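This report describes how selected parts of one protein chain are arranged.

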Amino acid sequence: PRPPPHDELARLASEARVAGLLSGKSGVSFFHLGDGRGALAPLRALRDGTDIPQRQLYPTHCNRNPWLFAEAIEWGRAGGWVDLTTSSFPDLLDDGERLAADALVALLAAGVPVDRISFSSDANASLPRFDGEGRLIELRCGQIGSLWQEVVAACGKGVALETALAVVTANPARALGLASKGTLGVGQDADLLLIDPDTFAIERVMSGGRWRT
């Protein structure tokens, strides 16, 4: 399917930005990118042909195939957000998808600023798989546990822990304008994980200042 026309995308992104200003949030527009080539072209047209700041345009699934990932590198180098999906399956890697941990390493090596990269899990969302003629052949579900799994995997590939943590804490909180999230400090929401320092296994979870496990 084709993306909405440029004018419609511009209208929606502008309305989201105004809503963010009124609500005290960032008002970003989150774009779920497909498998087609040139998937970031509509976003570049918004960036270059309107007054909408690039930070308002938040593309996800940027690791789903090689050509999209190449576009995402240039988008990130230019100051745009790059979101990587952590829910994946081994057979999808055969289609050119990169694991989020591998994609993070590649983005950093390519010079994309770490403060412009985030992970999201697509938890409980549908993950469709199509054949070469566009027919749906399987429908699977995103897994919330994949988010932490890819953080740990990134550390195993040489990414510093503070960097890997930023892509699932401070960076998405800043992108979405959630001032009480993403960092530790007085007045913050006290969402914490207690981690075994040797295995990185999650031992306890605090949400909103209350222990959940």
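Does Asn171 count as buried or exposed? In this predicted model, Asn171 has a relative accessibility of 3% and therefore counts as buried, the limit for that class being under 20%.

**Surroundings of Asn171**

Asn171 belongs to helix H8, which covers residues 170-176. Leaving aside residues up to four places away in sequence, Asn171 touches Trp81, Val114, Asp115, Arg116, Ile117 and Ala166.

Strands of a sheet pair through backbone hydrogen bonds, either parallel or antiparallel. E3 and E4 run parallel and are joined by four bridges. Within this pairing, Phe119 in E4 is the bridge partner of Leu84.

In soluble globular proteins, nonpolar side chains tend to be buried together. The largest such core here has 36 residues, and those with the most contacts inside it are Leu57, Leu84, Leu104 and Leu107. Elements that give two or more residues to this core include helix H1 (6-23), helix H2 (41-49), helix H3 (66-77), strand E3 (82-85) and strand E4 (117-120). Helix H5 (100-109) and H6 are also among them. The largest share, six residues, comes from H5. As for Leu57, the residues that it touches beyond four places in sequence include Ala13, Phe31, Leu43, Trp75 and Trp81.

**Aromatic rings**

A pair of aromatic rings is described by the distance of the centres and the angle of the planes. How many aromatic pairs are there? The count comes to two, and they are listed in the table.

| Pair | Centre to centre | Angle between planes | Arrangement |
|---|---|---|---|
| Phe30 and Tyr58 | 4.8 Å | 80° | edge-to-face |
| Tyr58 and Trp81 | 5.6 Å | 40° | tilted |

Phe30 lies in strand E1 (residues 29-32) and Tyr58 in strand E2 (residues 57-60), so their pair ties together parts that are 28 residues apart in sequence. Together, Phe30, Tyr58 and Trp81 form one aromatic cluster. Tyr58 counts as buried at 2% relative accessibility, and Trp81 is buried with a relative accessible area of 3%. Phe30, at 39%, counts as partly exposed.

Arg37 lies over the face of Trp67, at 4.0 Å from the ring centre. The charged end of Arg204 sits over the ring of Trp211, 4.2 Å from its centre.

**The sheet E7-E8-E9**

Arg204 is also the bridge partner, in E8, of Leu194. Three strands form an open sheet in the order E7-E8-E9, with antiparallel pairing. Strand E7 (192-195) and strand E9 (210-211) are the edge strands, each pairing on one side only. Between E7 and strand E8 (residues 202-207) there are four bridges.

**Helix H6**

Which residues of H6 are buried? They are Ser146, Trp148, Glu150, Val151, Ala154 and Cys155. An α-helix has 3.6 residues a turn, so residues three or four places apart point the same way. The buried residues of H6 pack against H5, E4, helix H7 (161-166), E7 and E8.

Ser146 lies in helix H6, which covers residues 146-156. At 6% relative accessibility, Ser146 counts as buried. Not counting residues up to four places away in sequence, Ser146 touches Thr86, Ser87 and Ser121. The side chains of Ser146 and Ser87 are joined by a polar contact of 3.2 Å. Just after H6, Gly158 takes a positive phi of about 100°.

Notes. Residues are numbered from 1 along each chain as its sequence is written. This is a predicted model: local features need pLDDT of at least 70, side-chain atom pairs count only at pLDDT 80 or more; totals for chains, interfaces and linings use all residues. Side-chain values use heavy atoms; hydrogens and water are left out. Buried means under 20% relative accessible area, exposed over 50%, partly exposed in between (1.4 Å probe, protein chains only). A polar contact is a pair of N or O atoms within 3.5 Å; within protein, one must be able to donate a hydrogen and the other to accept it, and residues adjacent in sequence count only if both atoms are side-chain atoms. Contact means heavy atoms within 4.5 Å. A nonpolar core is a set of buried Ala, Val, Leu, Ile, Met, Phe, Trp, Tyr and Cys residues joined through side-chain atoms within 4.5 Å. Rings of Phe, Tyr and Trp (its six-membered ring) pair if their centres lie within 6.5 Å; planes under 30 degrees apart count as stacked, over 60 as edge-to-face and the rest as tilted. A charge sits over a ring if NZ of Lys or CZ of Arg is within 6 Å of the ring centre and within 35 degrees of the ring normal. Two strands pair if DSSP finds at least two bridges between them.
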